[in-house]
Amino acid sequence: MSSVTLAGVTGRYGDFTALDAIDLEIAEGEFLTLLGPSGCGKTTTLRLVAGFLEPSRGRVLFDDEDVTHRPPNRRQIGMVFQDYALFPHMTIADNVGFGLRERGVGKAAIRRRVDELLDLVRLPGVQQRYPAQLSGGQRQRVALARAVAHPPRVLLMDEPLGALDLKLREAMQTEIQRIQRTLAITTVYVTHDQTEAMNLSDRIAVMNQGRIEQLATARELYLKPRTRFVADFVGKINFLPVTVDGYAGPDAHAVGLGTAFRVADGAGRPRGPCLLAVRPEQLRLSPAGTPADGCNALDGRIVDVRYSGNLVRCEVEVAGGTPVIVETGPDDPLATAGTAIRLAWAYDRCTLLDDD
Amino acid sequence: MKARWGWLILPPLLFSTGLLVATQLLFVRISFFRDLRLGRMDDRFQLANYVAFFTDPFYLDSLRLTVEISALVAVLGLVVAYPVAYVLARMPPRWGTTLLALAVASSFITIVIKILGLVIIFGGDGPLNAALIRIGIVARPIGLYGSVGGVVVGLLLYTVSFMLLILFSVIQTIPRSLEQAAEIHGAARWRVFWRVILPLSLPGMVGGGLIVFNMAMGAFTSAALLGGGKVLTLPVVIQQTVLVETKYGMAGTLSAVVLLVVLLINLLSVLLVSRLQAARGA
């Protein structure tokens, strides 16, 4: 197990810069997810760590060892591919033992280790079968067993659950987490699924257009997104156009939509126009005219209501015609189309972002 | 009522079956009649021609030479075409298919023209010999005309684009990620080739090898033009038997033997490969 450091790494395909001078440190034993839309550079980052792509600038380090120019087969990496990439002409035992055999481990030792690994991924007894005879989820487990067979310094996973259906995907998330924790392997995981990223990771790097927008824990990303892109990509969020016009201790005052707002810890933001971002579930519906003591308030009218079992999603039209999405409990008596209401939310449940 | 368009296939089916099967039956049939002189034939059904074939070292040598040359061409074709096919299959698809199309298109040029080119290149005062002598590799011009080597080169030129086409399509079906998986789990380049690419392209290699072998077994033009009457493969011998000796029965026997040998070798290879595949459970 090793820590992984990318120092000022730029990745290019021809003239196209897929990765623009990124810095990234992954601690030993950490589960880090690269999250972003397709084309954001997350797969390129993974390929750079794997060694399939050499950076045009910058360095890749495992611990303090520079592996920038080391070929993939000498980096001691394990990798799970999106299409599993199991060898169709080999038995499961030969697939799992592939890395061990390439590294000169003896036959008997390989057999023992393969048995052990198949137990670990809860798939005992399939040694003599071929990949074509297994289901998608089973192949995924075999691919995972192969990747960790010769304990890798780093485990890479490239959208490993992309090809599975929802139920299986959730079950495999638990499995992956269990195995990663058991073996305490430094893991870099690539996905475009934010729920998957939040469920699995110690930290998440949200990527966009070849750069890391924010690197933080799931909680921090969700509650304190640093850019509009992150706020928008991770979960749902409302943006209200406001202008910062003053400060009160650590808090900022802002005006917009004919209303004054207060944002906790907003003092770092300069005066001027920006966006006030607030999550739909942080907004409370209250009857019109309710006094706003100790929290932000905004008047509006419910124009649309959607029931989805565990919650009700309301579209509220506020001053200036801006639509705001509110998520409230399924039994909220105010959640009826046409009702005039007042939205309320705590000072520390919203944040100010650049309008870029 | 639904129109039975399926029947439309009947005329072309009959036509091609007639051409394919009837001609073969015809020469297999005459192979059982003994030649009298001047193209006349005996009317008694007998095995005399086959006895002649298997007792005359001239015919047996010719069969051995034909099989050897064909096998050599198949193997050399694999060796020559494999790396090219691999590189083309792994190129950006637009480039790969364009280059492949160019290579395959060149096979539409009649072999006669190509052999003419070969004769010029390999000729005593041709560019190849001139270059070889200037570098000092050989002292006297080497001749390919009238030698087994020349025939092999001609047959290679004749068959290599078919080999390329078949290998390309097989290699293209091997996902890149399999190579990457092998590489990242510790395999050096040649081990990736040996343990993953080669076994997965084996069916294509067998298929391509067989097609080239079959083509070479029946190839007359290259052997006749480049062999200069000195490399007596069975197709050349058959031509002489028909046109020079007018022994139609014997020519039929020779043709039947070629057919039989080709069938046998193909059947064995296919059996072998399908047994390998079956073990894989795929």
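One definition before we start: when I say buried, I mean under 20% relative accessible area. And keep in mind that this is a predicted model.

Okay, chain A, helix α1, residues 42–50. Is this helix mostly covered or mostly open? It's mostly covered, with seven of the nine residues buried. The buried ones are Lys42(A), Thr44(A), Thr45(A), Leu46(A), Leu48(A), Val49(A) and Ala50(A).

Most residues other than glycine have a negative phi. So which ones go the other way here? Glu159(A) does, with phi near 40°. You'll find Glu159(A) in the loop between β7 (154–158) and α6 (166–183) of chain A. Its relative accessibility is 10%, so Glu159(A) counts as buried.

Over in chain B there's Thr246(B), also not a glycine, with a positive phi near 45°. Thr246(B) is in a loop too, between α11 (234–243) and α12 (248–280) of chain B. Thr246(B) comes out at 22% relative accessibility, and therefore counts as partly exposed.

What does it pack against? Helix α3(B), residues 57–90: the two axes are 8 Å apart, at an angle of about 140°. Because of that angle, α3(B) counts as oblique to α11(B). From the α3(B) side you've got Phe58(B), Tyr59(B), Ser62(B), Leu63(B) and Thr66(B), and they meet Leu234(B), Pro235(B) and Val237(B) of α11(B). Sort those contact residues by type and you get six nonpolar, two polar and no charged.

Last stop, the place where the two chains come together. How many residues does each chain put into the contact? Chain A gives 26 and chain B gives 21. Between them the chains bury about 2,100 Å², and 60% of that is on carbon and sulfur atoms. On the chain A side, Asn73(A), His89(A) and Glu102(A) lose the most area to chain B, together 28% of what that side buries.

How values were computed. Residues are numbered from 1 along each chain as its sequence is written. Chains are lettered from A and ligands numbered from 1 in the order in which they are written. This is a predicted model: local features need pLDDT of at least 70, side-chain atom pairs count only at pLDDT 80 or more; totals for chains, interfaces and linings use all residues. Side-chain values use heavy atoms; hydrogens and water are left out. Buried means under 20% relative accessible area, exposed over 50%, partly exposed in between (1.4 Å probe, protein chains only). Helices (H or I, at least four residues) and strands (E, at least two) are DSSP runs, numbered from the N terminus. Axes are lines fitted to C-alpha atoms, for helices over the stretch in contact, and angles run from 0 to 180 degrees between N-to-C directions. Angles under 35 degrees count as roughly parallel, over 145 as roughly antiparallel, 65 to 115 as roughly perpendicular and the rest as oblique. Contact means heavy atoms within 4.5 Å. Ala, Val, Leu, Ile, Met, Phe, Trp, Tyr, Cys and Pro count as nonpolar, Asp, Glu, Lys and Arg as charged, and the others, Gly among them, as polar. Buried area is the accessible area (1.4 Å probe) that two parts lose on being put together, summed over both.
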